[in-house]
Amino acid sequence: MASGMARKITPIVVGNWKMNGTRRSATEVNRLIGGLKKMPHPVCNVMLCPPATLIGDFAKLSKRTRLQVGAQDCHVDTAGAHTGDVSTEMLHDAGARAVIVGHSERRRDHGESNADIHDKVQAAWRVSLTAIVCVGETRVERNAKRTLQIITRQLSASLPATMDGDVMIAYEPVWAIGAARTPTPVAIREVHEHIRKRLNLRFGLRQGDRIPILYGGSVTANNAGQMASIEQVNGVLVGGASLKYRDFLKIIYAFSAP
Ligand code: PEP
């Protein structure tokens with residue numbers, strides 16, 4: 001378990017199902033909920049972000065359980081002529097309690113900028129959704145030793161000036177996502193400490209210190225224990241390994257162990 005300042009924050013494990021899952025996946029979610037019920041206390045916070053089509057179903061399944069449901073993206077407007085988009089009001093109505101914004105796959109596939117992400121954070125806060133803001137460098141940027149510079153820019157341009165809602169930061173090195181490789185624990189710690197410093201500078205110690213900083217990128221049942229032991233890692237954002245309830249439970253367990 002992380003120590004020092006990080007102890008003030010209850011760890012959270014968030015699963016990002018990306019474009020995977022159908023209504024049949026309810027079986028997997030029920031197994032996950034069953035596993036959570038059997039887990040010894042205390043259990044960390046747990047959230048699953050399925051495709052928008054499944055948020056309503058999963059929110060019903062997870063009522064009065066330890067599982068929360070989140071979304072993977074949102075539009076900035078409340079309603080209107082935006083074919084194919086979903087507003088935060090709709091996500092909230094379907095049962096989501098958080099929304100991931102600025103995932104590198106959205107930046108890549110949809111050309112999302114830091115300014116877009118800034119507006120999405122405000123859209124999330126409009127309906128009291130927690131915004132899970134993703135930041136992270138590419139392989140080229142890491143090799144050029146520009147990681148901290150990139151993260152600084154992403155944070156300052158995508159976070160609103162005042163904290164008018166709940167936020168989490170997910171540090172997701174783009175080159176580690178779905179790649180079966182991760183930065184070293186020392187490298188993860190360095191970036192998380194940098195993010196913490198920037199948050200404290202921006203929002204002051206009282207607010208900055210309370211913001212969970214998650215690591216994401218090839219987290220598995222095998223390396224979750226190591227991730228949980230890194231100072232300043234307050235949880236993880238998990239892609240592929242969240243699709244199998246047994247693996248996901250092992251990751252949750254690693255962040256729940258006393
Ligand atoms: C992600 O896409 O947020 C992610 C971390 O993916 P994976 O765990 O599969 O690397």
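## Gln154 and its surroundings

Leaving aside neighbours within four places in sequence, Gln154 is in contact (heavy atoms within 4.5 Å) with Arg107, Asn114, Val135 and Gly136. The model is predicted, with local features requiring pLDDT of at least 70 and side-chain atom pairs counted only at pLDDT 80 or more, while totals for chains, interfaces and linings use all residues. Residues are numbered from 1 along each chain as its sequence is written, and side-chain values use heavy atoms, with hydrogens and water left out.

Gln154 belongs to helix H7 (residues 147–158); helices (H or I, at least four residues) and strands (E, at least two) are DSSP runs numbered from the N terminus. With a relative accessible area of 9%, Gln154 is buried, where buried means under 20% relative accessible area, exposed over 50% and partly exposed in between, using a 1.4 Å probe and protein chains only. The side chain of Gln154 reaches the backbone nitrogen of Gly136 at 2.8 Å.

## Val13 in strand S1

Val13 lies in strand S1 (residues 12–16) and is buried, because its relative accessibility is 0%. Beyond its neighbours within four places in sequence, Val13 is in contact with Cys44, Asn45, Val46, Met47, Val236, Val238, Phe248, Ile251, Ile252 and Phe255.

A pocket is here an open set of points, on a 1 Å grid over the protein atoms alone, where a 1.4 Å probe fits and protein lies on both sides within 12 Å along at least five of seven lines; lining residues have an atom within 4 Å of a point. The largest pocket holds about 630 Å³ of space, a volume being the space filled by probe spheres set on the grid points, which are joined across faces, edges and corners. Its lining has 23 residues, of which Lys18, Met19, Gln72, Asp73 and Arg106 are the closest to the centre. Helix H2 (52–61) and helix H4 (104–110) are the elements that give two or more residues to this lining, and H4 supplies the largest share, five residues. By class, the lining of the largest pocket has nine nonpolar, seven polar and seven charged residues, where Ala, Val, Leu, Ile, Met, Phe, Trp, Tyr, Cys and Pro count as nonpolar, Asp, Glu, Lys and Arg as charged, and the others, Gly among them, as polar.

The second largest pocket has a volume of about 450 Å³. Among the 20 residues that line the second largest pocket, the closest to its centre are Asp166, Val167, Arg210, Ile211 and Pro212. Strand S2 (45–49), strand S6 (167–171) and helix H9 (205–208) each give two or more residues to this lining, which divides into nine nonpolar, six polar and five charged residues.

## Around the ligand

The ligand is surrounded by 14 residues (a heavy atom within 4 Å), the closest being Lys18, His103, Glu172, Gly178 and Ser218. An N or O atom in the side chain of His103 is 2.7 Å from an oxygen atom of the ligand.

Most residues other than glycine have a negative phi. Ser218, although not a glycine, has a positive phi of about 60°; Ser218 sits in the loop between strand S7 (213–216) and helix H10 (224–228) and counts as buried at 16% relative accessibility. Ala180 also has a positive phi, near 55°, and is placed in the loop between S6 and helix H8 (185–203). Ala180 is exposed, with a relative accessible area of 78%.

Terms used:
A polar contact is a pair of N or O atoms within 3.5 Å; within protein, one must be able to donate a hydrogen and the other to accept it, and residues adjacent in sequence count only if both atoms are side-chain atoms.
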